[in-house]
Amino acid sequence: MHNKEYRPTLAQLRTFVTIADNRHFGTAAAKLNISQPSLSQALSALENGIGVQLIERSTRKVIVTPIGERLLPYAKAALDATDIFVAHSRGSYGQLIGPLSLGVIPTIAPYLLPTLLPLLRQEYPELEPRIVEDRTTQLLEMLRDGRIDVALLALPSESPGTVDIPLYQEDFVVVVPSTHPLAGRHDLSLQALDELQLLLLNDGHCLHDQIVDLCRKADLNPNEAASAVTRASSLTTIVQLVAGGLGATLVPVSAVGAECRRPGLSTATFAPGVSAERHVGLVHRSSSSRTPEFTKLGAVITKAYRATTPHEFRPVIGRR
């Protein structure tokens, strides 16, 4: 029965959110650093207080009830609002301090983080970054569930309940064997992709989709332009395959320094005015009020991108 006078505690709401996010009582208890009996008691107190069942318990799995799914965003919003309240009270609102969970896609993380992390330590020594590398769909799911605070990925995110903060535009570079006729050229058109046996990352990587979209812009059949046989799950493997003479690929310019200086490889760029790029930015929950913090983080990320990109490529910063 619903108690009209009842008000949940923050600990009870955090218990509900953590169980719902992890779908496992043991994992949730470990993350909250409490015992499972204490976790169950907090959840039961919340459910008894509001008069509805939020979580179904069984020996095999944990299920969030339909009403639990409807109430979950409000519980997360309440916890977010509390964090903002504490930040204001400490005078730290809009400042990069304390824990920050940053999701990063695999075609950005290994190339940007070696420059970004030291830069963050230098400029914001009180920040405690926690990095989660995963594909775009997984990062957006974690963002919506509150498991990460913000994500760095290719825009637009086109995800409900989120806000995009554009940071920079990053050109693609064609990577070919050093003996290829296109090696070293700087005047390619999109139609030049028709001359290549493109090697792609597996489905689910945004870079795969971006290359396929470029093929469509050039009126090429992406299924014909891209190899359906040879694929890989990392950009490093793809570039190694190119070096081995199995085809060609496209990489973002920030990856050139780390991936394309190997023997047997060469690069080629598109002619000025040819649109072959991705737009990179931060994505955060629309319910979060941490936009000032994320904007400052974005400025540092853009600075790190400038430093990461080889000087012979001219990145376009701030183009929206």
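Guide: Let us begin with Arg290, which counts as buried at 16% relative accessibility; buried means under 20% relative accessible area, exposed over 50%, and partly exposed in between (1.4 Å probe, protein chains only). This is a predicted model, in which local features need pLDDT of at least 70, side-chain atom pairs count only at pLDDT 80 or more, and totals for chains, interfaces and linings use all residues. Residues are numbered from 1 along each chain as its sequence is written, and side-chain values use heavy atoms, with hydrogens and water left out.

Visitor: Which residue forms a salt bridge with Arg290?

Guide: Side chains of opposite charge can pair when their charged atoms come close. A salt bridge is a side-chain nitrogen of Lys or Arg within 4 Å of a carboxyl oxygen of Asp or Glu. Here the partner of Arg290 is Asp149, with the closest N and O atoms 3.6 Å apart. The two belong to distant parts of the chain, 141 residues apart. Asp149 is likewise buried, at 16% relative accessibility.

Visitor: How many salt bridges does a search of the whole structure find?

Guide: The search finds 14. One of them joins Asp145 to Lys76, with 3.7 Å between the closest N and O atoms. Asp145 also forms a salt bridge with Arg147, at 3.1 Å.

Visitor: Which residues are linked in a network of salt bridges?

Guide: The network links Asp21, Lys76, Glu141, Asp145 and Arg147.

Definitions and conventions: Helix = DSSP H or I, 4+ residues; strand = E, 2+ residues; numbered from the N terminus.
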